[in-house]
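This briefing reviews selected local features of the structure shown below, grouped by topic.

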Amino acid sequence: MVNKFGSLSLQGKSIGKLTFAGRNLVGANADVAVAMLNVNNTLNTENVTPQAGFDFSITFGTPLKLIDAKIIAGTARSNQRSGARVATKTGTLLPMSDAKTDVLADEEYDAVFVSGKDKTVHGRVRSADAFDSHDLVLFRVTPNYKTDNRGEVARDDYDEPIISNYQFNFIQQSKSSDVGNDDNIVRILVDPAESERLQAGLKPGDKLVPQGLKFAFAGNDATDWTVYADTLVALDEKATEKPASNQSKTTTNQADKAKS
């Protein structure tokens, strides 16, 4: 499976201000208790599977903080027969007065978790849980075409197929000897204009470092995660820059927008 990453560490405070809304039951058999949380004093909610012993009887509206959280692949209740999975959040929910904080440092959360066609940001995640961004070797680039409501390729006024984005397909160099394992393939999507600019001088075997990473959960039989990048930089060029400075700034700004 392409982009099969297991789980991503999620920075709870980057989701926004969380208040307790109640208890819900999820999972294939509706037997997993989760805490429903209102976000930023809106009607938007997040479901979080909390730590063992969490007190579900606390007062509605109680402010809470989420630490050491993860996003994992959970079982979908409605269409589990088709093999679909959903993004499930787990972590430790504590009173705001508790002194405990994330085990990971803030700078470890160097990417963002997004949803929808407009890539709405839902918080910061740690890309290193998915792959080493300095370990990627390019082997193929292919276009993804936009489709119409009948599932056919959409075309422009000149009857040319419309490209949604390009797939940059990588092997992980540290796992390159395991050629028969599709789980080691990383596929990153880049917008058409930037992709076409990048492809001019690329060749198989190039080592590229993604910048401005965004992760979305797909959860189908082909992939668990969709990964987007603003651009890709040659590894030797990246080595001359300050480590992850541009990417951290980009993702910080994106996640801050989600809180407002």
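Which residues do ring pairs link into a cluster? The cluster comprises Phe5, Phe113, Phe131, Phe215, Phe217 and Trp225, joined by ring pairs. The model is predicted, and its largest pocket has a volume of about 610 Å³. That pocket lies between two domains, because domain 1 (7–127) and domain 2 (131–234) both give residues to its lining.

**Aromatic pairs and charges over rings**

- The count of aromatic pairs comes to eight.
- One of these pairs joins Phe54 and Phe56 in an edge-to-face arrangement, with 5.1 Å from centre to centre and 85 degrees between the planes.
- Phe54 has a relative accessible area of 13% and is therefore buried, the limit for that class being under 20%.
- Phe56, at a relative accessible area of 24%, is partly exposed.
- The ring of Phe56 also has a charged neighbour: Arg23 lies over its face, at 5.7 Å from the ring centre.
- A further charge, that of Lys119, lies over the face of Tyr228, at 4.4 Å from the ring centre.

**The largest pocket**

- The volume of the largest pocket is about 610 Å³.
- The lining of this pocket holds 24 residues, of which Ser164, Asn165, Leu189, Thr226 and Tyr228 are the closest to the centre.
- Strand S10 (163–172), strand S11 (185–190) and strand S14 (225–228) are the elements that give two or more residues to the lining.
- Strand S14 supplies the largest share, namely four residues.
- By class, eight of the lining residues are nonpolar, nine are polar and seven are charged.
- Tyr228, one of the residues closest to the pocket centre, is also the residue whose ring face lies under Lys119.

**Positive phi values**

- Most residues other than glycine have a negative phi.
- Asn3 has a positive phi of about 55 degrees although it is not a glycine.
- Asn3 is found in the segment before S1 and is buried, with a relative accessible area of 2%.
- Lys119 likewise has a positive phi, near 55 degrees, and is a residue other than glycine.
- Lys119 belongs to the loop between S7 and strand S8 (120–125), and its relative accessibility of 26% makes it partly exposed.

**Contacts between residues separated in sequence**

- Ser7 lies in strand S1 (residues 7–10) and is partly exposed, with a relative accessible area of 22%.
- The C-alpha atoms of Ser7 and Ala73 are separated by 7.2 Å, while the two residues are 66 residues apart along the chain.
- Gln211 lies in strand S12 (residues 208–211) and is buried, at a relative accessible area of 6%.
- Between Gln211 and Val233, 22 residues apart along the chain, the C-alpha separation is 7.2 Å.
- Ser97 occupies the loop between strand S6 (85–95) and strand S7 (111–115).
- With a relative accessible area of 72%, Ser97 is exposed, since that class begins over 50%.
- Ser97 and Leu64 are 33 residues apart in sequence, and their C-alpha atoms are 8.9 Å apart in space.

Terms used:
Residues are numbered from 1 along each chain as its sequence is written. This is a predicted model: local features need pLDDT of at least 70, side-chain atom pairs count only at pLDDT 80 or more; totals for chains, interfaces and linings use all residues. Side-chain values use heavy atoms; hydrogens and water are left out. Rings of Phe, Tyr and Trp (its six-membered ring) pair if their centres lie within 6.5 Å; planes under 30 degrees apart count as stacked, over 60 as edge-to-face and the rest as tilted. Buried means under 20% relative accessible area, exposed over 50%, partly exposed in between (1.4 Å probe, protein chains only). A charge sits over a ring if NZ of Lys or CZ of Arg is within 6 Å of the ring centre and within 35 degrees of the ring normal. On a 1 Å grid over the protein atoms alone, a cavity is a set of points where a 1.4 Å probe fits but cannot get out, and a pocket is an open set with protein on both sides within 12 Å along at least five of seven lines; lining residues have an atom within 4 Å of a point. Grid points are joined across faces, edges and corners, and a volume is the space filled by probe spheres set on the points. Ala, Val, Leu, Ile, Met, Phe, Trp, Tyr, Cys and Pro count as nonpolar, Asp, Glu, Lys and Arg as charged, and the others, Gly among them, as polar. Domain bounds come from an automatic or database domain assignment.
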